[in-house]
Amino acid sequence: RVPKRVDHEQRRRQIAEALWRLASEHGLEDVTLRRVAAEAGVSTRLVQYYFGTRDELLTKALDILNLDSERQAQELIAAEGEPTPRGVLRAVLTEMLPLDERRRTRFLVHLAYFVRALSDDSLATAFRDSPALLETTIADVISWGQRTGEVPADLNPVPEAELLLNSIDGLQSGIVLGLRSVAESIALIDYQLDRVFTR
């Protein structure tokens, strides 16, 4: 009999997604290797094999989530038929809103990590040290807008990217709490983009 080949990347994702489900429902305080294993339908030993300690599991699962967000942003950019800088940036920012179960879960997981990082130095360090992939992507799109003449040449793309992303944080919370509708949130994104794209 030929032994079954294990897709290690798929197995890592299966375990990470189990952690995300627990985090989105209950936060990270009670997340243990055993609970993640049970949620993923695998043994605790397998979770340890792929992720090591509980702290390493938390950090690596966050890395996977962040890389997912970056990959989805890049896919949106590639999917634009005849892309314009504004169209791409609007698509990337809108994708970050909790408009369906997948995106709502992603937001709640990030929120759970944020709360945990307030009292966990190693997780706070992971937050600080993680590469600012989305900021870089958004700053690159704004620079592209400068090259096409749609964004003023004297605008600094990096702080503008940071401001846009920080405003998305507030919009996400507003939607999840029912303080702001999806339509109102998208209108605010357009308002921000009108400020950046003056032509």
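**Close-up 1. In this predicted model, helices α9 and α10 are roughly antiparallel to each other.** The angle between them is about 170°, which is over 145 and therefore counts as roughly antiparallel. Their axes lie 10 Å apart, with α9 covering residues 157-176 and α10 residues 182-196. Look on the α9 side for Glu160, Leu163, Leu164, Ser167, Ile168, Leu171 and Ile175, which meet Val182, Ser185, Leu188, Ile189, Gln192, Arg195 and Val196 of α10. Sorted by class, this contact holds 9 nonpolar, 3 polar and 2 charged residues.

**Close-up 2. The largest pocket has a volume of about 960 Å³.** It is lined by 27 residues, and those closest to its centre are Asn66, His110, Phe127, Glu135 and Asp169. Helices α4, α6, α7, α8 and α9 each give two or more residues to this lining. The lining divides into 13 nonpolar, 7 polar and 7 charged residues.

**Close-up 3. The second largest pocket, of about 220 Å³, is lined by residues that include Trp20, Leu65 and Val109.** Here you will also find Arg13, Glu17, Arg21, Asp68, Arg102 and Arg106, along with Gln72 and Thr105. By class, the lining has 6 charged, 3 nonpolar and 2 polar residues.

**Close-up 4. A search of the whole structure turns up 1 cavity of 30 Å³ or more.** The volume of the largest cavity is about 40 Å³. Around the largest cavity sit Ser69, Ala73, Val92, Glu95, Met96, Arg106 and Leu134, with α4 (54-79) and α5 (85-95) being the elements that supply two or more lining residues. Of the lining residues, 4 are nonpolar, 1 is polar and 2 are charged.

Notes:
Residues are numbered from 1 along each chain as its sequence is written. This is a predicted model: local features need pLDDT of at least 70, side-chain atom pairs count only at pLDDT 80 or more; totals for chains, interfaces and linings use all residues. Side-chain values use heavy atoms; hydrogens and water are left out. Axes are lines fitted to C-alpha atoms, for helices over the stretch in contact, and angles run from 0 to 180 degrees between N-to-C directions. Helices (H or I, at least four residues) and strands (E, at least two) are DSSP runs, numbered from the N terminus. Angles under 35 degrees count as roughly parallel, over 145 as roughly antiparallel, 65 to 115 as roughly perpendicular and the rest as oblique. Contact means heavy atoms within 4.5 Å. Ala, Val, Leu, Ile, Met, Phe, Trp, Tyr, Cys and Pro count as nonpolar, Asp, Glu, Lys and Arg as charged, and the others, Gly among them, as polar. On a 1 Å grid over the protein atoms alone, a cavity is a set of points where a 1.4 Å probe fits but cannot get out, and a pocket is an open set with protein on both sides within 12 Å along at least five of seven lines; lining residues have an atom within 4 Å of a point. Grid points are joined across faces, edges and corners, and a volume is the space filled by probe spheres set on the points.
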